[in-house]
Amino acid sequence: MNDIKVLVADDQALLRGSFRVLIDTTPGLTTVGEAADGAEAVELARRERPDVVLMDVRMPRLDGIEATRQLCAERNAARVLILTMFDLDDAVYAALRAGASGFLLKDVPPAELLQAIRVVASGEALLAPSVTRRLIAEFARMAEPGQAPLSGLDGVTDREREVLTLIARGLSNQEICAHLHVGNGTVKSHVGHLLAKLQARDRAQLVIAAYESNLIQPRGR
């Protein structure tokens with residue numbers, strides 16, 4: 001099996017170097033470059049074709065949000081994993097809506113960062129477990145008035161709406177299985193149908209779609 005190729009984008013050289021050493025000393029993972037700003041990240045990603053981009057939010061020249069938007073708009077785009085210093089960073093919501101597959105805090109333990117890279121590379125989305133429910137609800141509340149949702153819920157069955165609601169509340173597939181008393185294959189099938197019907201890139205966008213379509217209400221409303 002080929003190594004998962006990772007591009008590290010952060011304006012702090014020390015962090016870039018630390019991430020690179022961690023990744024390159026882990027079997028099955030390898031870095032293909034470092035970028036000090038968003039523009040360089042886009043350029044390197046187009047040239048090196050990484051599987052995953054570790055993307056800082058706030059960088060010079062081009063920030064991580066716009067870099068994510070540009071990369072995710074391309075065919076066969078790399079998966080973007082946003083790194084942020086603060087769990088209530090309002091830029092994270094914008095990055096997820098731009099196409100990022102998830103986010104982690106920069107102080108996450110090394111083992112969790114490595115696992116996150118593997119999860120995102122496999123095509124799944126990852127939202128930091130400690131803050132998912134509270135954070136995504138808050139970002140949905142802060143969405144710009146009149147902002148169009150990713151897609152309406154026309155054509156989504158009642159059962160699929162139920163699954164989407166549980167996804168938006170931060171439940172994993174295994175937890176959804178237990179909640180609905182169904183098998184893992186059934187849940188995976190529902191998730192696949194939701195991705196197709198809502199034209200969502202991954203689970204992160206399903207969470208956003210659930211809030212923006214008012215399937216569930218953010219806290220405080």
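Author: Gladly! A residue is called buried when its relative accessible area is under 20%, exposed when that area is over 50%, and partly exposed in between, using a 1.4 Å probe and protein chains only. The model is predicted, so local features need pLDDT of at least 70 and side-chain atom pairs count only at pLDDT 80 or more, while totals for chains, interfaces and linings use all residues. Residues are numbered from 1 along each chain as its sequence is written, and side-chain values use heavy atoms, leaving out hydrogens and water.

Let us look at helix α9, which covers residues 184-197; helices are DSSP runs of H or I with at least four residues, strands are runs of E with at least two, and both are numbered from the N terminus. With 14 residues, α9 reaches 20 Å from its first C-alpha to its last, close to the 20 Å expected at 1.5 Å a residue, where the expected span is 1.5 Å times one less than the number of residues.

Buried in α9 are V187, H190, V191 and L194. Seen down the axis of α9, its buried residues fall within an arc of 100°, so they line one face of the helix; the arc is that of the directions from the helix axis to the C-beta atoms. On the other side of α9, G185, K188 and A196 are exposed.

What do the buried residues of α9 pack against? Their partners are α7 (158-168), α8 (173-180) and α10, with contact meaning heavy atoms within 4.5 Å. Just after α9, Q199 takes a positive phi of about 50°.
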